[in-house]
Amino acid sequence: MVLLERLRHPNVLQLYGYCYQDSEDIPDTLTTITELGAPVEMIQLLQTSWEDRFRICLSLGRLLHHLAHSPLGSVTLLDFRPRQFVLVDGELKVTDLDDARVEETPCASSADCILEFPARNFSLPCSAQGWCEGMNEKRNLYNAYRFFFTYLLPHSAPPALRPLLDSIVNATGELSWGVDETLARLERVLHLFRSGQYLQNSSAGSRAEYQRLPDSAIPQEDYRCWPSYHHGSCLLSVFNLAEAVDICESHAQCQAFVVTNQTTWTGRQLVFFKTGWSHVVPDPNKTTYVRALG
């Protein structure tokens, strides 16, 4: 409870209050009231869109930066498994701080500064003050790599962003970067994705013309694609109309798409991709684009 209070941050579960109760029925009981989050289910996360998976990794990068520079000093999470985290409106938040440690590991030489993991170990320097340099930060970072980054970051990402994402995964896996550099690279990916700059290498023009049908939608004629925001249809986010056309052109079954007024956390529009347009219905919140004949 004290750590939740002292380590307040958007990616630390918010503590609303607490209540101490001491009675014959319930002796010496302390109850905390926190915001409600959903458990992190890795199998389900692997089936979500890359955009949502990247948001989780970005949340984690921001959390690790906060823990490395917290008012208490560098804080490490000794238990870093996904069950220690929850999702609140798509943001990853740490909820269990029982195994958090503030003190760096004391040492007499670098032989005392071995960071051990099941797959490999790392040797860190021993400072003149007798502390293992950056051990708390490095432990958090490698755990982020082995529990989250390696599974969630690269897969089904936009092709232009994959080299940047691969470099983040590789650098955290080798602990060649600290949390500051890792977060800077994650923020760079967010900027490129949100601004549409990653589309510079996309196809210059479409192979077909599309007719615009304002205030209309196609209720059926769906097909499945992966990853999709909807399991029964192909619902993807796009930066602009040109990207929607490129996606439709890249799907053999796509003959039309419907632009909604819904946006994702990065401000991108959600678009349904369709196999045809035999049944178009009025809808003031959507715009349909159909492949022109000929």
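The legends below describe close-up views of a predicted model.

View 1. Thr260 belongs to strand 12 (residues 256–263), where strands (E, at least two residues) and helices (H or I, at least four residues) are DSSP runs numbered from the N terminus. Thr260 counts as buried because its relative accessibility is 3%, buried meaning under 20% relative accessible area with a 1.4 Å probe and protein chains only. Apart from neighbours within four places in sequence, Thr260 is in contact (heavy atoms within 4.5 Å) with Gln269, Leu270, Phe272, Asn285 and Lys286.

**View 2. Distances from the side chain of Thr260.** A polar atom of the Thr260 side chain lies 2.7 Å from the backbone oxygen of Leu270, and the side chain of Thr260 also reaches the backbone nitrogen of Gln262 at 3.2 Å.

View 3. The strands follow the order 10-14-12-13-11 with antiparallel pairing, two strands being paired if DSSP finds at least two bridges between them. Strand 10 (210–217) and strand 11 (234–238) stand at the edges with a single partner strand each, so one side of each has no neighbour in the sheet.

**View 4. The pairing of strand 11 with strand 13.** Strand 11 pairs with strand 13 (residues 269–274) in the antiparallel sense over five bridges, and Cys234 has Phe273 of strand 13 as its bridge partner.

**Notes.** Residues are numbered from 1 along each chain as its sequence is written, and side-chain values use heavy atoms, with hydrogens and water left out. Local features need pLDDT of at least 70 and side-chain atom pairs count only at pLDDT 80 or more, whereas totals for chains, interfaces and linings use all residues.

Note on methods
Buried < 20%, exposed > 50% of the residue type's maximum accessible area, 1.4 Å probe, protein only. Polar contact = N/O pair within 3.5 Å; in protein donor to acceptor, adjacent residues only side chain to side chain.
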